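Take a moment to look over the sequence and the fold. We will start on the inside and then turn to the loops.

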Amino acid sequence: MGHLKNRDLNANRERLRDQVAHALRAALISGELRPGAVYSAPTLAEDFGISATPVREAMLDLAREGLVEPVRNKGFRITEVDERDLDQCTEIRALIEIPTIGMVTRSAAREDLEALRPVAEEIVRAARDHDLIGYLDADRQFHLSLLGLSGNDRLVETVSDLRKRSRLYGLDALDERGELIPSAEEHLELLDLMLAGDAKAAEKCMAKHLGHIRSLWAGGGSSS
């Protein structure tokens, strides 16, 4: 598999584990690791050219994120996300994130909001460069950092968990069709509205963004 072979992996065990997890996420996004399929750590380790231990540890990290699930005596099954799951995740996110964005718009310091502009710009750059891992990392940082300005750590943890369970759905197909770029640009629009102090418009933008994401997922095909 392209994301697994010919990797320059660091020998440090902890670093190696992180590198393997990163490569596996990339393979999930690209569709090289197929939803519903079961993969064993020894088999994947052969592709990496390393021992099975760091691969197994990396897969356990992905299991804690909800991306894979252990299958006794066989390995790990890539988690499948269906339309009902996506609908429920989007509904819960809307209930949490839309009013929180309004609250943060009214209460956050301008400098704290402005500090997130480079992250919003990075989301757009990654979308244009087809850097899906970079896109996911910057998107996650932007949204969770915004919610973090509410001061509610539990709220941030809840949204983070919901994002982990749906973030890979159809991403490669959306990228191929150029549909990630408009969604990426909405982060800059949202930030500008918040900096302008327009809480109602920011809430509407956040609602539009979540609806846009869900409609993109619906057209994402079987690349979940």
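How many residues does the largest nonpolar core have, and which have the most contacts inside it? Keep in mind that this is a predicted model. The core has 32 residues. Those with the most contacts inside it are L113, Y135, F142, L146, L190 and M194.

Where do the core residues come from?

Now pick out L190. Set aside its neighbours within four places in sequence. L190 is then in contact with I101, F142, L146, A202, C205 and M206. Two of these partners, F142 and L146, are also listed with those that have the most contacts inside the core.

Next, turn to the loops. Find N73 in the loop between β2 (68-71) and β3 (75-78). Its phi is near 65 degrees, a positive value in a residue other than glycine. Is N73 buried or exposed? N73 counts as exposed because its relative accessibility is 75%, and the cut-off for exposed is over 50%.

Finally, move to H130. H130 sits in the loop between α6 and α7. H130 is not a glycine, yet its phi is positive, at about 60 degrees.

Key
Residues are numbered from 1 along each chain as its sequence is written. This is a predicted model: local features need pLDDT of at least 70, side-chain atom pairs count only at pLDDT 80 or more; totals for chains, interfaces and linings use all residues. Side-chain values use heavy atoms; hydrogens and water are left out. A nonpolar core is a set of buried Ala, Val, Leu, Ile, Met, Phe, Trp, Tyr and Cys residues joined through side-chain atoms within 4.5 Å. Buried means under 20% relative accessible area, exposed over 50%, partly exposed in between (1.4 Å probe, protein chains only). Contact means heavy atoms within 4.5 Å. Helices (H or I, at least four residues) and strands (E, at least two) are DSSP runs, numbered from the N terminus.
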